[in-house]
Amino acid sequence: MLGILIWMMGCATNTDRDSYPIMYASAYCRALKKCSRGQFESLYELMEDCESDVGEAMSEFMSISAGEGCQYDNLAAQDCLQQMSEASCEEHWEDKLELQKVCYEDTWVCEG
């Protein structure tokens, strides 16, 4: 199952709004477990717990953004997932703020 999800993230041409929180949570939690196992284990017992928490947080952010009139950017979402899956652990730490910008701010286009 995980292999299929990774393949989908790398080859996807459409990251629809409904699947983005799930795909983002999976990519984020895999990176957290790989690159900061101690932090991951202090926060979560299972990968599913991490994915649930992170997915819910992303869904909440998306609801707030949509409520403010922002538009979802499919290409930016794809860019986020690609960067998350391809980044080394060093890049996850050094470029954390840039990754967050791509995955949150750039994924929603707000006027004004």
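A disulfide is a pair of cysteine sulfur atoms within 2.5 Å, and Cys 80 and Cys 103 form one, with their sulfur atoms 2.0 Å apart. The structure described here is a predicted model. A search of the whole structure finds four disulfides and two salt bridges, and the largest nonpolar core has 24 residues.

**Disulfides**

- When the bonded cysteines are counted along the protein chain, the disulfides follow the pattern 1-3, 2-6, 4-8, 5-7.
- In the link of Cys 80 and Cys 103, the torsion about the S-S bond is about 95 degrees, so this disulfide is right-handed. The pair links distant parts of the chain, with Cys 80 in helix H5 and Cys 103 in helix H7, 23 residues apart. Both Cys 80 and Cys 103 are buried.
- Cys 29 and Cys 50 also form a disulfide, in which the sulfur atoms are 2.0 Å apart, and this link is left-handed, with -90 degrees about the S-S bond. Cys 29 lies in helix H2 and Cys 50 lies in helix H4, so the pair ties together parts that are 21 residues apart in sequence. Cys 29 is buried, as is Cys 50.
- Cys 35 and Cys 89 form a disulfide with their sulfur atoms 2.1 Å apart, and with -80 degrees about the S-S bond this link is left-handed. Here too distant parts of the chain are linked, since Cys 35 is in helix H2 and Cys 89 is in helix H6 (residues 89-94), 54 residues apart. Cys 89 has a relative accessibility of 24% and therefore counts as partly exposed.

- In soluble globular proteins, nonpolar side chains tend to be buried together.
- In the largest nonpolar core, which has 24 residues, those with the most contacts inside it are Tyr 20, Tyr 24, Val 54, Cys 80 and Met 84. The elements that give two or more residues to this core are helix H2 (20-35), helix H4 (47-67), helix H5 (74-86) and helix H7 (96-105), and H2 gives the most, with seven residues.
- Leaving aside residues up to four places away in sequence, Cys 80 touches Tyr 20, Tyr 24, Val 102 and Cys 103.

**Helices H2 and H5**

- At 1.5 Å a residue, the 16 residues of H2 should span 22 Å, and the end C-alpha atoms of this helix are 22 Å apart, which agrees. The buried residues of H2 include Tyr 20, Tyr 24, Cys 29 and Arg 30.
- The 13 residues of H5 should span 18 Å at 1.5 Å a residue, and its end C-alpha atoms are 18 Å apart, in agreement with that value. In H5, the residues Ala 76, Ala 77, Gln 78, Cys 80, Leu 81 and Met 84 are buried.
- At the start of H5, a side-chain oxygen of Asp 73 reaches to within 3.0 Å of the backbone nitrogen of Leu 75.

**A buried threonine in a loop**

- Thr 107 lies in the loop between H7 and strand S2 (108-109). With a relative accessibility of 0%, Thr 107 counts as buried, because the cut-off for buried is under 20%.
- A polar atom of the Thr 107 side chain lies 2.9 Å from the backbone oxygen of Val 102. Not counting residues up to four places away in sequence, Thr 107 touches Tyr 20, Gln 71, Tyr 72, Asp 73, Ala 76, Ala 77 and Val 102.

**Salt bridges**

- Side chains of opposite charge can pair when their charged atoms come close.
- Glu 41 forms a salt bridge with Arg 37, and the closest N and O atoms of the pair are 3.0 Å apart. Glu 41 and Arg 37 are four residues apart in helix H3 (residues 37-43), and therefore about one helical turn separates them. Arg 37 counts as partly exposed, at 45% relative accessibility.
- A salt bridge also joins the side chains of Lys 101 and Asp 106, at 2.7 Å from N to O. Lys 101 is partly exposed, with a relative accessible area of 34%, and Asp 106 counts as partly exposed at 27% relative accessibility.

Terms used:
Residues numbered from 1 in each chain as written. Predicted model: local features only at pLDDT ≥ 70, side-chain atom pairs only at ≥ 80, totals over all residues. Heavy atoms only, no water. Core = buried A, V, L, I, M, F, W, Y, C linked by side-chain atoms within 4.5 Å. Buried < 20%, exposed > 50% of the residue type's maximum accessible area, 1.4 Å probe, protein only. Contact = heavy atoms within 4.5 Å. Expected span 1.5 Å × (residues − 1). Polar contact = N/O pair within 3.5 Å; in protein donor to acceptor, adjacent residues only side chain to side chain. Salt bridge = Lys/Arg side-chain N within 4 Å of Asp/Glu carboxyl O.
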